[in-house]
Amino acid sequence: MSAVSLRISTPRLELYAATATLARADASDRRRFAALIEAAIPDSWPPDVLTDVQEYFAAQLEKGFAVPGWWNWYAILREPRVLIGTAGFTGQPDSEGTATLGYSVTEGYERQGYASEMVGGLLKWMSGTGRVRRVHATTFARHYGSARVLEKNAFVCRGVSAEDAAAVDADCQ
């Protein structure tokens, strides 16, 4: 079986769902990881949001507790081939069909529309599974760029928490 089993193509990116093999290489063997995804890995990899969970993601996939596609995805720029970000879910949709989404773009690749493209690709993939009715994401109101990513992908603000995090949802019907 290939290290890459699920792929999403967008106009400028290829998204690869994390498998146990990819996640393990990401967590422990940068050279092997680059070879598996056939892309350069920038010095700024991994993004801050991924640093503390790389080992956890690998272990969850290796143990079968996480399912490829419903976890982490790697975003690779087509030209030049370089790993530029990550997006994914906190797991499979719950019993009501809600999935929770997160995303991050590697330093040096922000403000170029890549996060919007990643999120759009994942939303399209999810809608094709027939398993998702709603997607939830959380961002801080002060993170204007992140809020714009969600707005561009038809998310609607549902409120602001005490921590100033705006909870937003996108209906997938």
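Colleague: What should I know before I start?
Modeller: This is a predicted model: local features need pLDDT of at least 70, side-chain atom pairs count only at pLDDT 80 or more, and totals for chains, interfaces and linings use all residues. Residues are numbered from 1 along each chain as its sequence is written, and side-chain values use heavy atoms, with hydrogens and water left out.

Colleague: How much space lies in the largest pocket?
Modeller: About 900 Å³. A pocket here is an open set of points on a 1 Å grid over the protein atoms alone, where a 1.4 Å probe fits, with protein on both sides within 12 Å along at least five of seven lines. The volume is the space filled by probe spheres set on the points, which are joined across faces, edges and corners.

Colleague: Which residues lie nearest its centre?
Modeller: Y103, S104, V105, A115 and S146. The whole lining has 35 residues; a lining residue has an atom within 4 Å of a point.

Colleague: Which elements give two or more residues to that lining?
Modeller: They are α3 (48-51), β4 (82-89), β5 (98-105), α5 (114-129), β6 (134-140) and α6 (144-152). Helices (H or I, at least four residues) and strands (E, at least two) are DSSP runs, numbered from the N terminus. The largest share, 6 residues, comes from β5.

Colleague: How do the lining residues divide?
Modeller: Into 16 nonpolar, 15 polar and 4 charged. Ala, Val, Leu, Ile, Met, Phe, Trp, Tyr, Cys and Pro count as nonpolar, Asp, Glu, Lys and Arg as charged, and the others, Gly among them, as polar.

Colleague: And what volume has the second largest pocket?
Modeller: About 180 Å³. Its lining includes S44, D48, S104, V105 and E110. The elements that give two or more residues to it are α3 and β5. The lining divides into 4 nonpolar, 3 polar and 3 charged residues.

Colleague: New topic. How many salt bridges does a search of the whole structure find?
Modeller: It finds 6. A salt bridge is a side-chain nitrogen of Lys or Arg within 4 Å of a carboxyl oxygen of Asp or Glu.

Colleague: Which residue forms a salt bridge with R78?
Modeller: E14, with the closest N and O atoms 3.3 Å apart. R78 lies in the loop between β3 (72-77) and β4, and E14 in strand β2 (residues 13-17), so the pair ties together parts that are 64 residues apart in sequence.

Colleague: Is E14 buried or exposed?
Modeller: E14 is buried, with a relative accessible area of 16%. R78 is partly exposed, at 29%. Buried means under 20% relative accessible area, exposed over 50%, and partly exposed in between (1.4 Å probe, protein chains only).

Colleague: Which residues are buried in α4?
Modeller: Q54, F57, A58, A59, Q60 and L61. What covers them includes α1, α3 and β3.

Colleague: What follows α4?
Modeller: G64, whose phi is positive, near 80 degrees.

Notes
Contact = heavy atoms within 4.5 Å.
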